[in-house]
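Please walk through this structure with the sequence alongside.

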Amino acid sequence: MAKAIWNGTVIAESDNCEIVEGNYYFPPETIKSEYFKTSDTHTSCFWKGQASYYTVDVDGQQNKDAAWYYPEPKEKAQNIKGYVAFWRGVKVES
């Protein structure tokens, strides 16, 4: 079971993560949506496509753009469509 933890709180957990480039991508239904706020940030990956971001908010503390996902990934990244990955201090334990 993989868990994403920030500010002492489990914000996602799943047995069905996809691992891409060393990052755990959590199925969208396994994130605890009350901790996620949509961000206007977008970045591009040459092989995965355009990423969208969430700001993680736990107990009033925000971690801007600490989670990302690919809503419409390119063909080779279809296995992570909508899946959420983390950085910026979010700890993933497996």
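In this predicted model, cysteine 17 is in contact with Ala2, Tyr24, Tyr25, Phe26 and Pro27, leaving aside its neighbours within four places in sequence. Cysteine 17 sits in the loop between strand 2 and strand 3 (18-20). Its C-alpha is 7.4 Å from that of alanine 2, although 15 residues separate cysteine 17 and alanine 2 in sequence.

Where is the closest cysteine sulfur to that of cysteine 17? It belongs to cysteine 45 and is 19 Å away, too far for a bond. A disulfide would need the two sulfur atoms within 2.5 Å, and the count of disulfides is 0. Cysteine 45 is buried, at 15% relative accessibility.

Strand 1 (residues 2-6) is mostly covered, with 4 of its 5 residues buried. Strand 1 runs antiparallel to strand 2 (residues 9-14), and 5 bridges join them. Strand 1 and strand 2 form a hairpin with 2 residues between them, and asparagine 7 in the turn has a positive phi of about 55°. Strand 1 also pairs with strand 9 (residues 91-93), again in the antiparallel sense, over 3 bridges. Here lysine 3 has glutamate 93 of strand 9 as its bridge partner.

The nonpolar interior comes next. In soluble globular proteins, nonpolar side chains tend to be buried together. The largest nonpolar core in this model has 18 residues, and those with the most contacts inside it are Ile11, Phe36, Val56, Val84 and Phe86. Strand 1, strand 2, strand 6, strand 7 and strand 8 (84-86) are the elements that give two or more residues to this core. Isoleucine 11 touches residues from several stretches of the chain, among them Ala4, Trp6, Ile31, Phe36, Val56, Val58, Phe86 and Val90, not counting residues up to four places away in sequence. A second, separate core has 11 residues, including Cys45, Ala51, Tyr53 and Tyr83.

The aromatic rings give another view of the fold. The structure holds 6 aromatic pairs. One of them joins tyrosine 25 and tryptophan 68 edge-to-face, with 6.0 Å centre to centre and 90° between the planes. This pair links distant parts of the chain, 43 residues apart: tyrosine 25 is in strand 4 (residues 23-25) and tryptophan 68 in strand 7 (residues 61-69). Are these two residues buried or exposed? Tyrosine 25 is buried, with a relative accessible area of 0%, and tryptophan 68 also counts as buried, at 9% relative accessibility.

What makes the pair of tyrosine 54 and tyrosine 69 stacked? Their ring centres are 4.7 Å apart and their planes are at 20°, so the pair is stacked. Tyrosine 54 lies in strand 6 (residues 49-58) and tyrosine 69 in strand 7, so this pair ties together parts that are 15 residues apart in sequence. Both tyrosine 54 and tyrosine 69 are buried. They belong to one aromatic cluster, formed by Phe26, Phe36, Tyr54, Tyr69 and Phe86. Of these, Phe26 is also in contact with cysteine 17, and Phe36 and Phe86 both touch isoleucine 11.

How values were computed. Residues are numbered from 1 along each chain as its sequence is written. This is a predicted model: local features need pLDDT of at least 70, side-chain atom pairs count only at pLDDT 80 or more; totals for chains, interfaces and linings use all residues. Side-chain values use heavy atoms; hydrogens and water are left out. Rings of Phe, Tyr and Trp (its six-membered ring) pair if their centres lie within 6.5 Å; planes under 30 degrees apart count as stacked, over 60 as edge-to-face and the rest as tilted. Buried means under 20% relative accessible area, exposed over 50%, partly exposed in between (1.4 Å probe, protein chains only). Two strands pair if DSSP finds at least two bridges between them. A nonpolar core is a set of buried Ala, Val, Leu, Ile, Met, Phe, Trp, Tyr and Cys residues joined through side-chain atoms within 4.5 Å. Contact means heavy atoms within 4.5 Å.
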